[in-house]
Amino acid sequence: LPPADAAAGSALPASGLGLVHRPRRNRKTDWARRLVRESTLTVDDLIWPVFVIDGERRREPVASMPGVERLSVDEVVRAAVRAAELGIPVLSLFPYTEASLRDPHGSEALRDTNLVCRACRAIKAEVPELGLLTDVALDPYTSHGHDGLMDGHRIVNDPSVRVLVEQALVQARAGADIIAPSDMMDGRVGAIRAGLDAEGFEDVQIMSYAAKYASAFYGPFRDAIGTSAALIGDKKTYQMDPCNGAEALREVELDLREGADMVMVKPGLPYLDIVQRVKAHFGVPTFAYQVSGEYAMIRAAADNGWLDGDRAMVESLVAFKRAGADGIMTYFAPQVAEKLSGRR
Ligand code: PBG
């Protein structure tokens with residue numbers, strides 16, 4: 001840096017402070033601010049999560065996520081068309097499974113007639129150029145609401161992984177482009193990679209939820225997919241302890257060694273330090289999931305008139321880019337894409 005400011009600490013000269021450094025110069029106009037801008041948010045950064053429900057021409061609001069709806073497969077296809085028009089690269093699918101279809105084994109996850117598989121096939125038929133991401137975990141399909149299989153009160157790892165591999169294969173056969181294991185069982189990425197390769201799906205990508213925390217911010221999501229009432233206990237024996245950071249790096253390292261193409265940190269804003277460390281440490285494609293509770297907080301405050309919703313939305317998403325994320329899974333995807341394209 002050039003020498004310290006000459007007049008620092010002295011009485012004010014008539015002409016001013018005699019400052020050498022005036023950081024405000026670079027902020028004086030819109031063009032100057034744009035010129036020095038370090039991070040930008042574009043539509044290419046977005047993954048849009050949508051909730052799928054049975055039926056036709058059906059759109060059902062999610063009470064705890066104002067502005068988000070569960071969509072029947074035909075409506076999901078319309079959402080996919082909209083995503084493609086807006087330039088959103090990827091849609092991710094989460095099913096609301098009827099209670100009658102849930103059992104302790106999550107059997108519905110392995111049926112190619114399940115909502116996610118039907119939605120994949122319908123979207124691929126209409127909008128083949130859109131990327132499709134599917135979540136691998138049993139919780140939308142189990143009567144106990146856990147991501148894996150239970151033996152008494154334990155969530156058993158290795159038997160769960162065997163089922164998750166089958167779930168991934170069912171999704172790949174239905175046309176999923178990116179398999180996203182969100183279950184946090186040990187060794188599932190390697191097992192899924194091997195399973196996909198053995199069936200000729202070596203081009204199907206894996207985005208692992210590598211550092212997924214046992215978080216209170218998933219509340220509205222569990223409401224959206226109808227598992228909040230069902231969940232027995234909590235997910236602390238497989239999702240990470242919110243107090244840990246170094247452990248996230250070990251989780252990411254394992255998933256990368258097992259063949260993950262991209263990694264995800266989840267939730268988002270409360271774990272921005274983890275996003276930054278993962279990107280800095282490994283330099284791999286790193287994504288953040290701005291989860292349901294984060295969305296709900298911003299929407300609730302905006303709907304109450306307590307903050308400017310559009311600005312808070314963009315600011316929260318730019319924060320991920322500043323931290324080093326390559327992209328963000330966010331329920332704001334269509335809104336922010338419209339805003340970035342100047343349509344709203
Ligand atoms: C399921 C899954 C969860 C989310 C995505 N996949 C919930 C959970 O682990 O209980 C949460 C997403 C959100 O809150 O938006 N394995």
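1. Residues are numbered from 1 along each chain as its sequence is written. The model is predicted, and local features need pLDDT of at least 70, side-chain atom pairs count only at pLDDT 80 or more, and totals for chains, interfaces and linings use all residues.

2. An unreviewed UniProt entry lists Lys212 and Lys266 under "active site". UniProt positions follow the numbering used here, feature names are shortened, and annotations may be inferred rather than shown by experiment.

3. Lys212 lies in strand 9 (residues 205-212), and Lys266 lies in strand 10 (residues 262-266). Strands (E, at least two residues) and helices (H or I, at least four) are DSSP runs numbered from the N terminus.

4. Lys212 is buried, with 27 other C-beta atoms within 10 Å; Lys266 is buried with 25. A residue is buried if 20 or more other C-beta atoms, placed from the backbone, lie within 10 Å of its own, exposed if 12 or fewer, and partly exposed in between.

5. Leaving aside neighbours within four places in sequence, Lys212 is in contact (C-beta atoms, placed from the backbone, within 7 Å) with Ser182, Met184, Gln239, Met240 and Lys266.

6. The buried residues of helix 4 include Val161, Leu164 and Ala168. Among the elements covering the buried residues of helix 4 are helix 3 (115-126) and strand 5 (131-136). Just after helix 4, Gly175 takes a positive phi of about 115 degrees.

Notes. Contact = placed C-beta atoms within 7 Å.
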